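Please find below a short note on the model under review. The points are set out in numbered order.

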Amino acid sequence: MSWENANTVQTVERLEATIGRPAAIVMRKQLDRLDDGCVQVLEFSPIAGLGYLDGDGNRRSTYVGGAAGFARVQSPERISFEVAGDGPVVGAGVSMLFLLPGVGETLRLNGVAAGFRDGRLTVDVRETYIHCARAVLRSRLWQPAVDREFRDVPEMGGPLGDRLVREFLQVSPFLVLSTGDDTSPRGDQPGFVRVLDGHTLIIPDRRGNQRADTFHNLLDDDRISFAALRPGSADVLHVHGTATITVDPELLDTMRLRDVAPQAALLFRVHDASLRKNAAVTGSRLWRAAQRADPSRTPNMVTIGARHATGGADRIAGIPAGVLLRPVTALSGVLRRVMDLSYRKALADEGYAASDKPVSGTRRMRVVRVRRETPDAVTVVLRDTASRRPIDFRPGQFFTLVTEVDGRPVRRAYSASSAPGSRNLEVTVKRVPGGLFSTHASQSIRPGDHFEVKGPSGTFHSGPDATDLVMIAAGSGVTPMMSMIRGGAPGRMALLYGNRDEGGTLFAAELARLTRKRRGRLSVTHRLTRPAPGWTGDRGRLDGPAITAWLDAIAPAESAQYLVCGPDGVLEAARAVLTARGVPAQRIHVESYASALDGDVPATGPHPMTVEQDGEPVTTVVVDPGTTLLDAGLAAGVTMPYSCTVGNCGECLVKLRSGTVVTSEPNCLTPRQREAGLVPSCVTRPTSPVTVDVTEW
């Protein structure tokens, strides 16, 4: 197929009819020099995307830097930094995109190559401004890397014939794209850059700030390039060629997210594509937690952007700029939260279902199978209805399922029992006497049912560098362990698994099979409190002596990571044993599976709930009898923080300003949090009119 004639945009008028014009304040954000805010960003930024023209007239993109402050500020109008290779043509335009690890907003800088000597480039600054965070948030650029299975890649000729290049595109979520005098970010779900044939790529363009610099540049000069990243890797994919803008409905329809098609796309005719190590990416150590920006020290990008909105003017509408900006500076924290909420809503509207802050939302998933594990437990197999991409998470994390049971909105969190990287997500639910959702799951869920699913969430995992894993589980506490076991580990894995009887032991047959298959690398020790006659394994509860004897028998490596999941008694016994054995706290990971929502709670009301943020009223909603503060708020469309929804994680804490409530036990509250008046909204019901503050505590 010839893609060049696929309904391309060739005039400014048609371009603006398609994507609109940017708001005046967007264009006002740019300066013609470096102000104090820009200088702060350069001091902290360890890496930048760089776009330029080479000596052959090709557009090029790469990454420069390697350490914070790599770009030396010589004056408000000039910077310099090192560039490997031949570098740009002196006198030609260059463009840059500065990144701060852990931060969504970026700093864009355009200028002219003023000199290049001994590998050091000097740039005269012509334009700077803060770019919105959507591209970084869409890509989840700063989240931990997830290993993926590559789809089959057909053989083909042309610049995209290299299998490694096409496989890299399947897992890359982020790139810097250079056209004309501009380098801008592009971020989306991994694999968003699609190969159409051996010479052609297509890149969707989701809605942004409508500056559309890339599109306007391409109408004048079709030369283009990008440099793509894969989180956790030092490899960079460099691609250059020419491009056109398409609004072809059939092409755009293939790139929908939850029924939302991109507004346009780039048809990229590739001249060259090469995968190379990049010293700036290696030196920057972008995906190490220690490199994340410390909000208390690093520049506030939102505040800097607000200052840029003055365009450097002394007065705006006759009012001194300093007077207008004084409240912006004073309320920078509030402004940060407002911007985050704006990003979250915009991304949710675009169809993104994110799993980590600061993006929130859910994805719609369909039940494809229900597998009976024991008389009281089922595994629900779910599949995303809008994406064929693998489901990413870290073994041990949980997902929150949102549905209605008997007309009541219900949210319950369950650890994934499947390994990451599959199109299916499996959660295993054990029925709890009186449990609303667990009973529904055990008796009523059928293939074809749908759930809204939030996640992944949680920090119960061993970390990316773990080798030997020592796991202690009781009952359904084995579900996150099962995800880890199915996913495998580089070293040994040992599981001590306690249950009442053999009939209630989850995954018994599969654990036996995997133990045989991975002989010497996986061991499973079952311990039953009420074994049937003929049981030859361990007997009794998972108490301190039992755990100690088992650890003595398996002799864990000194570097082993310990994971414990079960009721509070098991957690306390395991923690006491491990502490007594000198295991450092950072290598002990615990999670309780007890749900505070499974107990009896009083049903009073209805009661009004006034919602505040930072002490300012937001809205008032009615909490029906038996309904939690969180469920009532979410049902009314109030933005409230939450994750597990069962009182375990602490993400949903709100401050009780007035009124009385009852909070189900057990829950995650610490004594200090109780004294401060904080309550977990997901397991708290009002017993009178209440006022709560949803500021993140």
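1. Contact, as used in this note, means heavy atoms within 4.5 Å. The model is a predicted one. Leaving aside its neighbours within four places in sequence, Leu201 is in contact with Leu160, Leu169, Val193, Arg194, Val195, Phe226, Val239, Leu266, Leu267, Phe268 and Val270.

2. Leu201, together with Phe226 and Phe268, has the most contacts inside the largest nonpolar core, which has 29 residues. Two or more residues of this core come from each of α1 (12-19), α5, β9 (174-179), β12, α6, β13, β14 and β15. The largest share, five residues, is that of β15. Another core, of 27 residues, lies apart from it and includes Cys38, Leu50, Leu100 and Leu107. In soluble globular proteins, nonpolar side chains tend to be buried together.

3. Helix α5 (residues 163-171) is largely enclosed by the rest of the structure, because seven of its nine residues are buried. These are Val165, Arg166, Glu167, Phe168, Leu169, Gln170 and Val171. The buried residues of α5 pack against β11 (194-197), β12 (200-205), β13 (223-229), β14 (235-246) and β15 (264-277). At the start of the helix, a side-chain oxygen of Asp162 comes to within 2.9 Å of the backbone nitrogen of Leu164.

4. Is Thr214 buried or exposed? Thr214 belongs to helix α6 (residues 213-220). Buried means under 20% relative accessible area; Thr214 has 3% relative accessibility and therefore counts as buried. Its side chain forms a polar contact of 3.3 Å with that of Ser184. Beyond its neighbours within four places in sequence, Thr214 is in contact with Leu177, Thr179, Asp182, Ser184, Arg186 and Leu266.

Note on methods
Residues numbered from 1 in each chain as written. Predicted model: local features only at pLDDT ≥ 70, side-chain atom pairs only at ≥ 80, totals over all residues. Heavy atoms only, no water. Buried < 20%, exposed > 50% of the residue type's maximum accessible area, 1.4 Å probe, protein only. Helix = DSSP H or I, 4+ residues; strand = E, 2+ residues; numbered from the N terminus. Polar contact = N/O pair within 3.5 Å; in protein donor to acceptor, adjacent residues only side chain to side chain. Core = buried A, V, L, I, M, F, W, Y, C linked by side-chain atoms within 4.5 Å.
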